[in-house]
Structures are given as structure tokens and as C-alpha cells.
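Subject: Structure handover

Hello,

Here is the structure I promised to pass on. My notes on the disulfides and on one helix pair follow it.

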Amino acid sequence: MAHLALRTAALLLAGSVFVAGCNGSSNNDDDRNTPPPSEPEQTRLHDEREFTVNEQSLAFDANTGALPGLGPNAAVQGAARYYGIYQGIQGPAGYRVEIPQNWNGGLIMWTRGYGGESLTLSGVTPSIVFRNVVTAAGYAWATSSYSANFYDVRAAVEDTNKLALEFRDYLLRDWSVEVDEPTQYLIAGGSLGGHTAAVLVEAETLERARYKVNYAGAMPLCQSEQNEFNWLGDYTLVAQHLAGYGDRPSSEFLTLLPNILGTLFVAVEGDNAWVTTAQGDKLKEIARRLTGGERPIFDEGFRVGSLQMAVLGTGGSDGTINGILAKPIYDNTDRVYRWTNGATPTTEEVTFNESIERKAADPEANPLRNDGVRWLPLVQGNFNVPVLTMHTLGDFYVPFRHQQLYRERAEANGKGGLLVQRAIRAPSHCDFSAAEMTTALMDFLTWVNGGPKPAGDDVLTPEVVADPAYGCQFTNNLGSTGREALPACPAG
């Protein structure tokens with residue numbers, strides 16, 4: 001047990017952050033597009049945080065070269081890169097822009113994932129696969145560091161839109177370069193950036209944002225969303241209760257974690273890592289249901305220790321998302337936790353649900369604001385442009401359940417025909433192969449430019465999702481690593 005406790009402490013240090021990423025440094029750019037903000041209705045801890053940009057981190061090399069697998073004529077015919085600092089909603093933010101020589105006038109904004117809790121911001125570059133595909137297609141791309149870390153989707157939304165609208169001014173100011181106004185705007189991103197990309201085409205964002213951009217399509221990948229914080233709260237609360245510490249306040253979770261792990265798991269390292277005890281079996285089955293139900297690759301994802309500790313290391317947070325909100329948003333008042341499949345809960349499940357701690361969200365935790373978007377902008381499935389998503393089935397950190405909620409909301413708003421979703425048979429967070437990313441990007445670009453609507457997966461029908469072959473249609477292991485031991489797709 002002592003060894004387990006020491007191992008847990010080390011993992012906590014590694015997993016406590018939200019993991020499944022110059023020439024011209026003036027910060028006094030023109031804010032003429034910003035409406036005068038009114039007095040905020042509330043203040044929060046996050047408002048007191050001040051961030052700085054590491055200028056040395058902004059420089060990067062332009063992309064050139066052939067693109068394997070995309071045909072003999074697929075190559076980047078030279079590109080120019082630019083970088084600098086501009087003023088964001090929370091303070092200075094860094095930008096990067098890359099424009100190919102054969103620029104078609106389109107601009108794809110890439111929204112980065114969670115940056116941790118550092119007060120220093122760094123330059124952001126999309127994956128080389130993303131850069132290769134979009135620049136070969138003639139598109140420019142741009143990214144922002146945002147003006148804040150932590151889970152600040154509000155800064156991500158406002159700072160991304162401001163950069164999209166004003167990057168031409170920054171290139172002229174910082175590089176004495178004049179470029180044309182884009183003829184088309186697209187948005188893509190992963191994890192927190194997927195949350196951002198989805199939000200940026202929502203009707204509420206188009207109405208409320210300080211900076212308004214009419215994106216012609218969105219590609220949110222491995223997206224997080226507001227339900228993420230119910231998942232983090234649920235898993236930690238259930239683990240504490242099953243381990244026999246339900247009489248202790250949930251604020252003590254991290255202190256109790258070594259003992260909780262020792263009760264629920266045989267071990268957290270070695271060949272038997274994340275194998276469950278009898279009580280842990282219940283935790284695993286509750287987690288299966290909370291993260292999307294019976295499906296391939298869940299078991300493999302459950303045993304990814306880095307993602308387990310990413311979830312457990314939050315301790316469920318305090319409900320305010322580490323100060324992003326002024327009041328708690330977590331709510332499990334109506335949640336029914338099950339680890340069996342019967343039509344009705346067992347006596348043991350009834351007792352568990354009656355005894356587990358219940359928490360209610362403050363109704364004013366995340367209200368509409370009159371000075372821009374909400375502190376935590378909502379993915380509501382109310383959009384009017386093509387949206388293509390991908391999500392790995394085993395992602396234990398940002399679970400597949402988010403895709404099901406997205407589909408339900410889109411259908412409720414009459415937007416289901418504009419949403420294409422793809423399930424990928426991989427156990428980690430944002431774990432897409434080069435082939436999967438390439439195919440999705442090319443299908444997305446074709447679709448938003450008048451081509452056929454791409455195929456997708458049914459994410460809601462339980463029998464479909466539980467099929468051993470689910471996810472095989474769009475999984476392509478070319479360019480992936482670490483999938484060798486996964487269950488193969490059934491022959492035929």
C-alpha cells in the first residue's frame with residue numbers, strides 16, 4: 001500500500017493538468033471592433049489571473065514538401081509564415097499564420113486544446129498532417145495562444161474570432177505584408193479546441209460574441225463540452241463512495257486518493273495496471289454507462305493510466321472549473337448510477353443511489369452575459385453550417401458520450417442533417433492516425449465547398465454502438481502507433 005501511495009502521488013503530479021495542444025510585439029492594436037463592455041454581472045477568481053506570452057516560443061518554420069499518400073500532385077508549393085502578439089480579451093495573446101503560395105482565399109482557424117494552469121502562454125501550431133492537407137488544398141491557417149490558460153473557452157472564442165477578423169492588420173503592423181481579406185472562414189480544433197470550434201458556429205455565439213465571424217463550416221475533434229464537468233464530478237464522487245469514504249466530504253478526495261485506488265484497483269502499474277477489484281468492477285460499469293454505453297475499445301481506454309489519472313487528478317474540481325465560473329456548475333441531483341443491466345435497479349443500486357452525496361448546480365453559475373459570450377460557452381447543437389466530428393471510442397478523459405449529447409441536441413434543433421460524426425477505434429484522447437485525419441479533412445473541405453455530404457456513424461442506437469465492428473468504417477491505422485493490441489475489426 002505504501003508503494004501504491006507513492007506511485008499515486010507521482011501520477012497525481014503528472015495528471016493534475018487538463019491533458020484527450022518575435023517580430024513585432026506591440027500589444028496596443030486597434031480595438032475598434034470591440035463594443036464597449038458593460039459592467040460584468042459577477043466576478044470570479046479567473047478575472048484576477050494575469051498571463052504573459054513567451055515571445056521566443058512564437059517563431060516557427062514554414063511548411064514545404066511533398067505530402068505522402070495524397071497523390072503525385074499533392075505538395076505544398078511554398079508557404080509564408082508569420083507570428084506576433086495581439087491583444088486578447090484577458091490580455092496579450094500570441095498568433096501564428098501560414099499562407100501557401102497558391103492561397104485560394106480560404107482561412108481555417110485552428111483552436112488549441114487545454115493549456116494547463118501556467119500563467120505563461122506559448123505559440124500554437126496544428127499537427128503536420130493538418131498543415132499538409134489544408135495548405136495543399138490552398139487554405140491558409142491561423143492559431144491563437146488565447147490570452148488565458150485554464151479551461152477558458154470564452155477567451156478561446158473571442159480571441160480566435162478577433163484574430164480571424166484582424167490578422168491582416170497584424171501582418172501589416174508586424175511584417176509590413178499586405179494580404180487580401182479571406183473569402184471563406186472555417187473553424188477546426190481538438191479537445192478544449194473542439195469545444196471552441198463547436199461553439200463558434202452556435203446561434204448563441206453568433207448573437208453574443210464581441211467579435212462575430214460567419215464560419216462556413218466547423219470540424220470539432222475529440223471535443224469537450226459542458227458535460228465534461230459532470231463526468232469529472234461523477235467519476236470521482238462514485239469512486240470515493242464505492243471505496244467506503246462516502247461519509248467524508250468530496251473536498252478530501254485527493255487526500256484519500258491513494259486509499260481509494262488501493263480499494264478499487266489491484267494495482268495502478270505493471271502488467272495488472274488498472275485491473276479492478278469487486279468494488280472497482282462496479283466503478284468500471286458505472287463509468288461505461290456514463291461515457292457512452294457498451295461499445296468496442298471502452299475496456300482498453302479504461303486501462304490507459306494517464307487518462308485515469310487525468311480524470312482522478314482533478315478531484316472532480318470544486319464545481320467552478322478552477323475559477324472559470326463564480327459558482328458551482330456540477331449537478332448530479334437526478335443522476336441514477338447503475339452497474340447492472342436489468343430493467344430496474346437492484347436493491348444494492350437503490351441503496352447506493354440513496355446514500356451517495358448529491359450536489360446541485362447554482363442556477364446562476366453560467367448565465368448569459370452582456371459583454372460577450374458566457375464564461376463557459378455551451379455546445380447546444382444549434383448551427384446552420386456543415387459540422388464534421390471525430391471521436392475515439394476509448395477516450396476516458398473526454399468521453400464519447402459528448403458525441404451522443406451533440407447528436408441529441410442537433411436533432412432537437414432540426415440540425416441533424418448538418419452533423420456528420422465518426423467513431424474511431426482507439427483508446428486515447430484525440431488519438432487520430434494520419435490517414436483518419438487526412439480523410440476527414442478532405443471530406444470536410446469537399447463538403448463545405450458544395451460537394452457531397454460525407455458518410456458518418458450512428459452514435460445513438462445502442463445495438464449499433466455495441467456491435468463489435470462499430471467504428472470500423474472510419475478507423476484506418478495507417479500512420480498510427482500503439483493500436484497493435486486492439487481488437488481487430490471482424491472479417492467481412
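Numbering the bonded cysteines of the protein in sequence order, what is the pairing? The pairing is 1-2, 3-4. Please keep in mind that this is a predicted model.

Disulfides

There are 2 disulfides in the structure.

One of them links C222 and C430, with an S to S distance of 2.1 Å. C222 sits in the loop between strand 10 (218–221) and helix 6 (228–242), while C430 sits in the loop between strand 14 (419–424) and helix 13 (434–448), so this pair ties together parts that are 208 residues apart in sequence. The torsion about the S-S bond of C222 and C430 is about 95 degrees, and the disulfide is therefore right-handed. As for accessibility, C222 has a relative value of 2% and counts as buried, because the cut-off for buried is under 20%. C430, at 29% relative accessibility, counts as partly exposed.

A disulfide also joins C472 to C489, where the S to S distance is 2.0 Å. Both C472 and C489 lie in the segment after helix 14 (462–466), so the parts this pair ties together are 17 residues apart in sequence. Here the torsion about the S-S bond is about -110 degrees, which means that the disulfide of C472 and C489 is left-handed. C489 has 36% relative accessibility and counts as partly exposed.

Helix 6 and helix 8

The crossing of the two, helix 6 and helix 8, is right-handed.

Which residues meet in this contact between helix 6 and helix 8? From helix 6 they are W231, D234, Y235, V238, A239 and L242. From helix 8 they are Q279, K282, L283, I286, A287 and L290. By type, the residues of the contact of helix 6 with helix 8 comprise 9 nonpolar, 1 polar and 2 charged.

Regards

Notes:
Residues numbered from 1 in each chain as written. Predicted model: local features only at pLDDT ≥ 70, side-chain atom pairs only at ≥ 80, totals over all residues. Heavy atoms only, no water. Disulfide = S-S within 2.5 Å. Helix = DSSP H or I, 4+ residues; strand = E, 2+ residues; numbered from the N terminus. Buried < 20%, exposed > 50% of the residue type's maximum accessible area, 1.4 Å probe, protein only. Left-handed = near helix turned anticlockwise from the far one by under 90°. Contact = heavy atoms within 4.5 Å. Nonpolar A, V, L, I, M, F, W, Y, C, P; charged D, E, K, R; others polar.
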